[in-house]
Amino acid sequence: MLAAVRSAAVVGVDAVDVIVEVDVAHGLPQWTLVGLAAGAVKESRERVTAALANAGYPLPPRRITVSLAPGDLPKSGTAFDLPIAAALLSATGVVPAAALENTVLLGELGLDGAVRPVRGVLPVARRLARTGDAGREQRPPRLVIPAGNVAEAQLVHGARIAAPATLHDLVGWLRRGEFPEPECNRHGSGDASSHDPPDLCDVVGQPGARRALEIAAAGGHALLLIGPPGAGKTMLARCMPGILPALDPDEALDVTAIHSVAGLLGSAGNGGTAIARPFRAPHHSISVAGLVGGGSSPRPGEVSLAHHGVLFLDELLEFPRHTLEALRQPLEDGRVVVTRAAGTVAYPARFALVGATNPCPCGRAGDEARTDADIQPGPETFCRCPESEIARYRSRLSGPLADRIDMHVHIGRVSLERLADAEPAEGSAAVRTRVERAREIQRTRYAALAAVRANAQAPGRWLDARGGFTLEARGVLRRAAEQMSLSARGFHRVSRVARTIADLEPGAGVRAPVTPVHVAEALRYRPAGAGR
């Protein structure tokens, strides 16, 4: 007796079709599972056997062979429990084979037969919907999933979903050929922050840093804030999500799919779409695999969880240098490619990097220029670090990585007198309006370029040819590049920042020119010889 049902595996953030074949033959009782299965998949034997018995459908004493095709694709996780159980029920004649046609099953089984949530349902639902749209199926396949995954699957337009609470419920539906529609259960994403981000109106002073933050948000640029402790670097960075445009529907699905693969949706009790741009702030003790993804069974790292959002690295120079170096590829390519012996997976990682660091180990380097009117001098005011120690500390950020950070901004401390007498500053809402207008200009400008949505992603040669730079602006940029020993990468990154500054001008449009004033401001954010 042979039966086959459809399921799926997730590779990176994409779903791949898997066929679960079961053969129940005469012979000594034995269970064999093949198909490059990881430990959790191999343990399905115990879960499925107990679940079937406790649901009232004990397996006969036969020789059972389970094959997960394609056989050269690694399988991991517990999502194959439900399709294996369904294939066994079909092979033993408990349910008709026709009832499982054009049906894809995913789910973990409890020993009592309960169907439990799994990771990666949203990528599978998106793939099935595209299959139906392509006309290869008369209708998109029905997706049978746990009830806890319904909210994320319902985000896909046209998805046909069934969500049995138990294995017994599924058997009843298959026998009757009727699948009740689950209730609509859409919520906000469990990974989205439950608190509003800080507002820029709470930031006292720091006009230069505020301006840089606005430019970084408008163009999607990487930003590094350098200053002493207490200058407001962390607060400024945490204001970034509040001035970014809202996620569009495609971006929201991309973010939610990554978090579904990472298993972060159901952990907070809901599994709906992302409602805010991600803001990830890992501790400096994070591993390379935790930051960029990987592991024996690859998972998305923080750079992918920050896709379409912000990755904030506080105390940047406290991160091990080899960990920071892993950021080179995602900053350049917008994705992470993880290669292991079993295969290669790719994760999207198009994020806005915001770093914050002290200028030296004690954090006081550069404060000597402060006047008595600003800060009362004392033993803790001035830097006491040896030059060699400062050089060693700053060398943790390599030249090639510094070259990939578009904007470097030095900020100073704000005096206590100014903190007490400060007037309310411009809030995040007003800044967000300007950022949204600039982003809309960029979407229109790059409509014909695939995967380019902001100036930070624009090809350098495209900007050279059609970026709108005046002859005077080009001359200023070339002379400055020679004097500052900018690399080719640094040259184009200055061009992108200048293009964003021009887009932020009142009344700017798609064809707004980039002038020497815009180039001069962009050059202020670029350290000389950063790529050397």
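Guide: Welcome! Contact here means heavy atoms within 4.5 Å. This is a predicted model, where local features need pLDDT of at least 70, side-chain atom pairs count only at pLDDT 80 or more, and totals for chains, interfaces and linings use all residues. Residues are numbered from 1 along each chain as its sequence is written, and side-chain values use heavy atoms, with hydrogens and water left out.

Visitor: What covers the buried residues of H17?

Guide: The cover includes H7, helix H8 (233–243), helix H18 (460–466) and helix H20 (488–503). Helices (H or I, at least four residues) and strands (E, at least two) are DSSP runs, numbered from the N terminus.

Visitor: Why are the buried residues of H17 said to line one face?

Guide: Those residues are Ser428, Val431, Val435, Ala438, Arg439, Ile441, Gln442 and Arg445. Seen down the axis, they fall within an arc of 155 degrees, so they line one face of H17. The arc is taken from the directions from the helix axis to the C-beta atoms.

Visitor: Why is His221 called buried?

Guide: Buried means under 20% relative accessible area (exposed is over 50%, partly exposed in between; 1.4 Å probe, protein chains only). His221 has 0%, so the word buried applies. His221 sits in the loop between helix H7 (207–219) and strand S10 (223–226). Beyond residues up to four places away in sequence, His221 touches Ala216, Ala352, Met407 and Arg496, among others.

Visitor: What makes the pair His221 and Thr500 a polar contact?

Guide: Their side chains are joined at 2.7 Å. The cut-off is N or O atoms within 3.5 Å; within protein, one must be able to donate a hydrogen and the other to accept it, and residues adjacent in sequence count only if both atoms are side-chain atoms.

Visitor: How do you know that Cys360 is in no disulfide?

Guide: A disulfide needs two cysteine sulfur atoms within 2.5 Å, and the nearest cysteine sulfur to Cys360, that of Cys362, is 3.5 Å away. For Cys385 the nearest is also that of Cys362, at 3.6 Å. The structure holds 0 disulfides.

Visitor: Is Cys385 buried or exposed?

Guide: Cys385 counts as buried, because its relative accessibility is 18%.
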